[in-house]
Amino acid sequence: MTSSLTIPDPTILSVSITERGKVNGNKLPYEHFHCKMAEAVRREWQRVDGFVLFCSVGIAVRLVGPLLGSKATDPAVVTVDEAGRFVVPICGGHRGGNNLARDVAGILGAEAVVTTATDGAGITALDTLPGFHASGDIAAITRRLVDGQRPAVVSTLEWPVPEWNADADTEPNEDAFIVVTDQQVPPAPGQVVLNPPSLVVGVGASSDAPATEADRLLRRVLAQAGLSERSVSVVATIDRRANDPVVTSLDLPVVSFTAEQLATVEVPNPSDVVMSEVGTASVAEAAALLAAGPGAELIVEKQKASAATVAIARRAVPQGSVSVVGLGPGAVEMRTPQAVTAIRSADVVIGYTYYVDQVDDLCAAHHEVIRSPIGSEVDRCVEALRRAAAGQRVALVCSGDPGVFAMATLVLERAPEFGNPPVDVVGGVTASLASAAILGAPLAHDHAMISLSDLLTPWEHIVRRVTAVAEADMAVAFYNPKSQRRVTQLDEAITILSKHRPGTTPVAVVVNATREGERTFLSTLDTFDASVVDMFSLVVVGSSTTQIINGRMVTPRGYGD
Ligand code: SAH
């Protein structure tokens, strides 16, 4: 099963007026103006999704006030004080302003001063609940939630909804109303409607179907059936149509299946013509049902336009998934935006305590956070998959890259036992690359990464690989060089390398790369001292051509002169 999802990048602009603001602005990964702030903000107001203004809150409020229109369309605005100590979102908090402030604070080492009520009270905000679309009187209901009232939640689906009862003794308050539904229900005054991502549209089309055909048909079908388009979370089709404009123009994530997969699904309206043409008696109905998962119900049977068909299925449970997320070596700046998105949009964050702490800034009230002890990798993986199978979106966090001596393999191997929930591997900056950048360019030519942990690999195999690398004269990065119980392996590996390259070959140890307490030690194969190495260290041994230039470790790329 394949799926794809595109999320447009927001346009963020930072503006400074002082020299110090300029220095801080240049540290951020956004477009940056150093100029007359008022002019720039007025000129760019319509274009950008967010501003980072290096000025006092007072200046920003005066500047932005006259420009404010609607909460739904105004850009987010955050300010950073002159000393770079505080980042204050002043508007658009739930349009990304709070997260923008947290991102900026992370990079500048400042504190995000988030003042939206739900965040302060640790309450799940209605308008940022991942996967759900909120409309109606969000402000009124939020006020009640913040004041500790329990809302009456009415749901037309048996889906789990967040529990907003901070105080279980309070009776549900009948006039604080939240309606969870995928039907077209206009919110009454004092009401919030939450549309869950419960609907899947199946699309069949001929190869020459006009781009707008399915879109028009879908709108008509939804209106007739009284369903909300905000609940349509995915479009499902046959593999050969997955990239056709008629499907992609729906602007939804696409899931596609082979004809063989579709042919296994029982549908109310099979077609002999379709069977003889593509090898399955149904595309729209079968794809919708298949993508909507176990227990799904076909709530709109196949409807036809001249070149396309659509059908709509409703999921019995939410679509669970596992994102195996690499957090990079430690520094917030080295965490990818993709990792940040995966964690923010998860229901559950699970990982070894130390890594979960590393994403504290990304966790909000809607997250369930599970800290597991080191070593219990299998338990962690099973827990993640079990919850995904039950409909939760799980972010399983690892350090560095999840595919480098980490959890991605285990999750992919065990997923079939749990009905194959979607597994997403979110890459990260691995320790060897972060360390190499700190050291200079020691891995600039062919190199190897070897884990010296013999927990999962017999030591003879590791010796064979170290010997091969030694003979091949490649630079090498040793992961897991040492632990409290494993202390001899590193010396043995160094001895093997010493037999094949000069005693003057540079060796570097990087402890806690990009984390607090980062340290580096340079030595050579002859003078190497393993006592500085611990389990938070990476050891890089150069090839015979590696040199130290101005204190940096450099492996020439071997392009002659
Ligand atoms: N998935 C991780 C590796 C996990 S194995 C990655 O891609 O980086 C754990 C080993 O990685 C540690 O024993 C250490 O050798 C190395 N490591 C991870 N983060 C490190 C860091 N910030 N500094 C130095 N070494 C690190």
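## Aromatic pairs

Six aromatic pairs are counted in this predicted model, where rings of Phe, Tyr and Trp (its six-membered ring) pair if their centres lie within 6.5 Å, with planes under 30 degrees apart counted as stacked, over 60 as edge-to-face and the rest as tilted. Y352 and Y354 form a tilted pair, with 6.4 Å from centre to centre and 35° between the planes. Y354 is partly exposed, its relative accessible area being 34%; buried means under 20% relative accessible area, exposed over 50%, and partly exposed in between (1.4 Å probe, protein chains only). Y352, Y354, Y355 and F536 together form one aromatic cluster.

The model is predicted, so local features need pLDDT of at least 70 and side-chain atom pairs count only at pLDDT 80 or more, while totals for chains, interfaces and linings use all residues. Residues are numbered from 1 along each chain as its sequence is written, and side-chain values use heavy atoms, with hydrogens and water left out.

## Overall layout

The protein chain contains 18 helices and 29 strands, which are DSSP runs numbered from the N terminus (helices H or I, at least four residues; strands E, at least two). Its C-alpha atoms fill a box of roughly 80 × 65 × 55 Å along the principal axes. Of the 561 residues in the protein chain, 48% are buried.

The protein chain is divided into domain 1 (2-115), domain 2 (126-195), domain 3 (199-314), domain 4 (321-429) and domain 5 (432-554); such bounds come from an automatic or database domain assignment. The centres of domain 1 and domain 3, taken over C-alpha atoms, are separated by 41 Å.

## Ligand site

Which residues come nearest to the ligand? They are D401, V404, T430, M535 and S537, out of 20 residues around the ligand; a residue is near a molecule if one of its heavy atoms lies within 4 Å of it.

A backbone N or O atom of A431 is 2.9 Å from an oxygen atom of the ligand. A polar backbone atom of A513 lies 2.8 Å from a nitrogen atom of the ligand, and for F536 the distance from a polar backbone atom to a nitrogen atom of the ligand is 3.5 Å. On its own the ligand has 540 Å² of accessible area, of which the protein covers 93%; accessible areas come from the Shrake-Rupley method with a 1.4 Å probe, and for residues only the protein chains shown count as cover.

## Helix α16

Helix α16 spans residues 431-439, and its buried residues include S432, A434, S435, A436 and L439. An α-helix has 3.6 residues a turn, so residues three or four places apart point the same way. G440 follows α16 and has a positive phi, near 135°.

## Loops and positive phi

Most residues other than glycine have a negative phi. D473 has a positive phi near 55°; D473 lies in the loop between α17 (459-471) and β24 (475-479) and is partly exposed at 30% relative accessibility. N550, also not a glycine, has a positive phi of about 50°. N550 sits in the loop between β28 (547-549) and β29 (552-554) and is exposed, at 77% relative accessibility.

T181 is in the loop between β10 (172-180) and β11 (191-195). Is T181 buried or exposed? T181 is buried, with a relative accessible area of 0%. The side chains of T181 and T156 are joined by a polar contact of 2.9 Å, that is, a pair of N or O atoms within 3.5 Å; within protein, one must be able to donate a hydrogen and the other to accept it, and residues adjacent in sequence count only if both atoms are side-chain atoms. A polar atom of the T181 side chain also lies 3.0 Å from the backbone nitrogen of Q183. G517, in the loop between β25 (506-511) and β26 (519-524), is partly exposed with a relative accessible area of 47%.

## Cysteines

How many disulfides does the structure hold? The count is zero, with a disulfide taken as a pair of cysteine sulfur atoms within 2.5 Å. For C91, the closest cysteine sulfur is that of C55, and the distance of 12 Å is too far for a bond; C91 is buried at 15% relative accessibility. For C363, the closest cysteine sulfur is in C398, at 15 Å, again too far for a bond. C363 is partly exposed, with 22% relative accessibility.
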